[in-house]
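I opened the notebook to look up how the chains meet and what surrounds the ligand.

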Amino acid sequence: MDPNDDQQRLDERAKRQEWRHALDRSADLRAAGDPTDPTAVAATPPPPPAAPAPDPLAAVEPAPFGAAAAVPAPPASAAEPDPVALAQPLAQPAHVADPADLVLAARGLRVAFSGNEILHGVDLDAPRGGVLALVGPSGCGKTTLLRSINRLTELAPTATIGGQILFDGADVYAGGTDLNLLRRRVGMVFQQPNPFPMTIFDNVAFAIREQAKRRPSRGELMPQVADVLQRAGLWDEVKDNLDRNALSLSGGQQQRLCIARTLAANPEVILMDEPCSALDPRSTARIEELIVQLAGSLTIVIVTHNLAQAKRIADYAAYLLNGDLIEQGIAQQVFEDPANQSTRDFVAGMFG
Amino acid sequence: MPVRLSDRIGVGIAYVAGTILIVAVAVIMLWLIVQGLGTISWDFLTGEPAPGTLEQGVSGGILPAIVGTFLVVAFGMAVAFPLGLGVAIFLTEYRQPAWLAKGTDTAIDLIFGVPSIVFALFGLAIFSQGWLSFISNPVGDTGMATAQSFFCSSLMMALIGLPPVVRSSQAAILGVPDQQREAAYALGKGRLTTIRRIVVPGARPGIATGIVLGVGRIAGDTAIVWILLGGAVLQAPPDGWYLPWNLMDFLRSEGSTLTTYIFFSSPAGEGNSPGPAYGAAFVLMVVILIVNIALIRLSRRKIGKR
Ligand SMILES: Nc1ncnc2c1ncn2[C@@H]1O[C@H](COP(=O)(O)OP(=O)(O)OP(=O)(O)O)[C@@H](O)[C@H]1O
Ligand SMILES: [Mg+2]
């Protein structure tokens, strides 16, 4: 990795700190023993909500069968209803200061398997940077939503997909999308750690190798491999064993290897589908720590069943119920003072 | 220990079946060893067949037959393996268009089921056409070809070697978990890269089993050799056949394999030399066993250091 990149990442991160809402996770981080994370101490007060700017996303062509039926998501933290915002079906969510800071947005996303509709026109907003937690009861469509973002859903031949996923403002379902590029820019970590049956080195190198026209040598790849293993917090454990079978690692190490592998493709967003559900508490804590660290330089959208975990790591949260997005906004708000009754019940149930 | 009676009966049947199988194989091997080992000598392995195949003890060696078996196996699999793997990948990873997939599936089943002599006969009809005489030899000036050569027989051998390669590889490819494919796609890898780097390596042991079965089928076939290679058991290969400039001529010529040698020298053939027949059978078995073990070993590559 070139050092300029790192500097740039830090700059971006500092910039984001200015408008990002303060999060009460310092206590949790201190418990996890992470002295390096600046967010742990920087409990800046939330900036005043910016004046609602005209939403460029609202101007986007409505999806073929999506937008008409799309229920406008209730503005999560709007104190006084904004008549302009309510008039527009694709209202500017109240928690985002600047629409250009939406890295991902679903607009009227509908997904059906064999005609059985699973997502009924979902509008999701993922602000750039930070962690967005997707929560909701089992079977509500969280995985389906996540997999629709990097277009894995369509691998199932029975799937039909409507609506839009805007990544940096461009619809990934538009014709001419370079699928492989999209999936490198939007990486994914799965619920079950799934390293390839290769050596640790090859697992990471696989992500880099085939991108290059020429097959780079091991020596050329080593700096990059070492860098992502370091960023995934696995380097110290494996640096003497890079030629060991990846499947001989522990589950938690395997999952960090999968994260390293994803990082090797140099993504801007990482989608994570319950990445800790197959892991023990210690490994879970390590990965949570890692997620918070990574969120300094990229955006993470994570599905989790563990509300305590969501509270520890999330900056934003979205609540999905039976294929409808019920509520989204600042994590603290959604978890502690939700606007919607069903969110309230869900959150209470998760803690209860 | 199973408690229910039906369980006990099931286990009993399994034991009996397994035991019968092991005993049968052991008896066959022992019989071959006892009968064949006496014949086997350096001269037998490296000599050329003598006219004395008709008389015990002076029947000469089996080197040309070993070379012949090696050639039809190598050439046959050189076609059957890449083709079979390609078909298996098509049938598992693509399956589009559906009619082609269905048709291929049926064709493979048919080839698997039809006895090789049918293909041999068909090959004779094809390869005896004059314009194909470059893979065998012209028959005088009749405008026909002999249709008997290593090339002709290997091409038909490829056909009978194909189904086991396809079916074994197919099963192995299906056994590669979808999570692995998705992991590769999620890293921005295309379908082809995923197949080449993840699916095929993951299916290696099964693919190797397919090759082993194909090799066994080809090495054991007699009908195709008989019709498309010629029963030229007494015919020694031309001097210096292995020299590069003679090789082409050699491959266009008739020859023999271990199976035809066994047939000839057995009391059923024109010979009356069960000794050499058993010896050759033993060699054939050992050769196939070695190929088996080597391929399976090679396919089970160890990943990294321990
Ligand atoms: N490939 C598929 N084919 C058919 N139905 C599917 C497919 N994938 C998901 N579904 C259905 O979609 C619904 C939502 O599934 P999804 O996996 O998205 O839920 P989830 O919110 O992730 O649940 P969980 O929390 O249990 O992981 C389920 O009813 C499931 O049966
Ligand atoms: Mg799920």
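**Entry 1: helix α8 of chain B**

I looked up what covers the buried residues of α8(B), and the cover includes α6 of chain A together with α3 (63–94), α6 (150–175), α7 (178–186) and α9 (204–220) of chain B. The buried residues (under 20% relative accessible area, 1.4 Å probe, protein chains only) of this helix, residues 191–202, are B:Thr193, B:Thr194, B:Ile195, B:Ile198, B:Val199 and B:Val200. Helices here are DSSP runs of H or I with at least four residues, and strands are runs of E with at least two, numbered from the N terminus.

This is a predicted model, in which local features need pLDDT of at least 70 and side-chain atom pairs count only at pLDDT 80 or more, while totals for chains, interfaces and linings use all residues. Residues are numbered from 1 along each chain as its sequence is written, chains are lettered from A and ligands numbered from 1 in the order written, and side-chain values use heavy atoms, with hydrogens and water left out.

**Entry 2: the interface**

I noted that the contact (heavy atoms within 4.5 Å) takes 28 residues from chain A and 19 residues from chain B. I found one salt bridge between chain A and chain B (a side-chain nitrogen of Lys or Arg within 4 Å of a carboxyl oxygen of Asp or Glu): B:Glu182 pairs with A:Arg147, the closest N and O atoms being 2.8 Å apart. On the side of chain A that touches chain B, α5 (179–185), β6 (186–189), α6 (200–209) and α9 (251–264) each supply at least two residues.

**Entry 3: ligand 1**

I read that an oxygen atom of ligand 1 is 3.0 Å from a backbone N or O atom of A:Gly141.

Methods
Buried < 20%, exposed > 50% of the residue type's maximum accessible area, 1.4 Å probe, protein only. Polar contact = N/O pair within 3.5 Å; in protein donor to acceptor, adjacent residues only side chain to side chain.
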